[in-house]
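Keep the structure open beside you as you read.

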Amino acid sequence: MTGDATPALLATTIDCVDLDGMTRFWSMLLDVEAEIHEPFGFLRPSEGRKATIWLQRVPEERVGKNRLHLDFVVRDLGGACQRVVDLGGSLGSESSWESFHWRTCLDPEGNEFDIMQAQEPPPEA
């Protein structure tokens, strides 16, 4: 099979009813510039970001649990969670697995995403 037929991820798109509000939430949370071109909101990629996020206005509200979610990593998990709340989002459960610790968060329309505490690099021997 050739590479021409292998899909390459272009962006992750979040469906939303309030395009302006959701674009503002995500751009402020991630500290990136955004542009709206109906029916899409585009978060501009920035240095050090590996993924591109778009938003798309849809007529229906989210129903049920997300089957896909975004994972982010930060050095200050508590500060990031407070930022989510300050911007109009909410907090879900806290979870841990082995040495990993994260918090499930919800954007203003209830879309789930996780923020994980960055791991400290191992000490040099």
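Start with Asp107, whose side chain is joined to that of Trp26 by a polar contact of 3.2 Å. Keep in mind that you are looking at a predicted model. To find Asp107, go to the loop that runs between strand S7 (100–106) and strand S8 (112–117).

Is Asp107 buried or exposed? Asp107 is buried, and yet it has no salt bridge. Side chains of opposite charge can pair when their charged atoms come close. For Asp107, the nearest side chain of opposite charge is Arg62, and that one is 6.4 Å away.

What else does Asp107 meet? A polar atom of its side chain lies 3.0 Å from the backbone nitrogen of Asn111. Leaving aside residues up to four places away in sequence, Asp107 also touches Ile14, Met22, Phe25, Trp26, Gly89 and Phe113.

Now let's turn to the charged side chains that do pair up.

Glu35 has a relative accessibility of 28%, so it counts as partly exposed. Arg44 also counts as partly exposed, because its relative accessibility is 43%.

Another salt bridge brings together the side chains of Glu38 and Arg57, at 2.5 Å from N to O. Glu38 sits in the loop between strand S2 (34–37) and strand S3 (40–43), while Arg57 belongs to strand S4 (residues 53–57), so this pair ties together parts that are 19 residues apart in sequence. Arg57 counts as partly exposed because its relative accessibility is 32%.

Our last stop is the salt bridge between the side chains of Lys65 and Glu112, at 3.5 Å from N to O. Where in the chain do these two partners lie? Lys65 is in the loop between S4 and strand S5 (70–74), and Glu112 is in strand S8, so the pair links distant parts of the chain, 47 residues apart. Lys65 is exposed, with a relative accessible area of 62%, whereas Glu112, at 25% relative accessibility, counts as partly exposed.

Technical notes:
Residues numbered from 1 in each chain as written. Predicted model: local features only at pLDDT ≥ 70, side-chain atom pairs only at ≥ 80, totals over all residues. Heavy atoms only, no water. Helix = DSSP H or I, 4+ residues; strand = E, 2+ residues; numbered from the N terminus. Buried < 20%, exposed > 50% of the residue type's maximum accessible area, 1.4 Å probe, protein only. Lys, Arg positive; Asp, Glu negative; His and termini not counted. Salt bridge = Lys/Arg side-chain N within 4 Å of Asp/Glu carboxyl O. Polar contact = N/O pair within 3.5 Å; in protein donor to acceptor, adjacent residues only side chain to side chain. Contact = heavy atoms within 4.5 Å.
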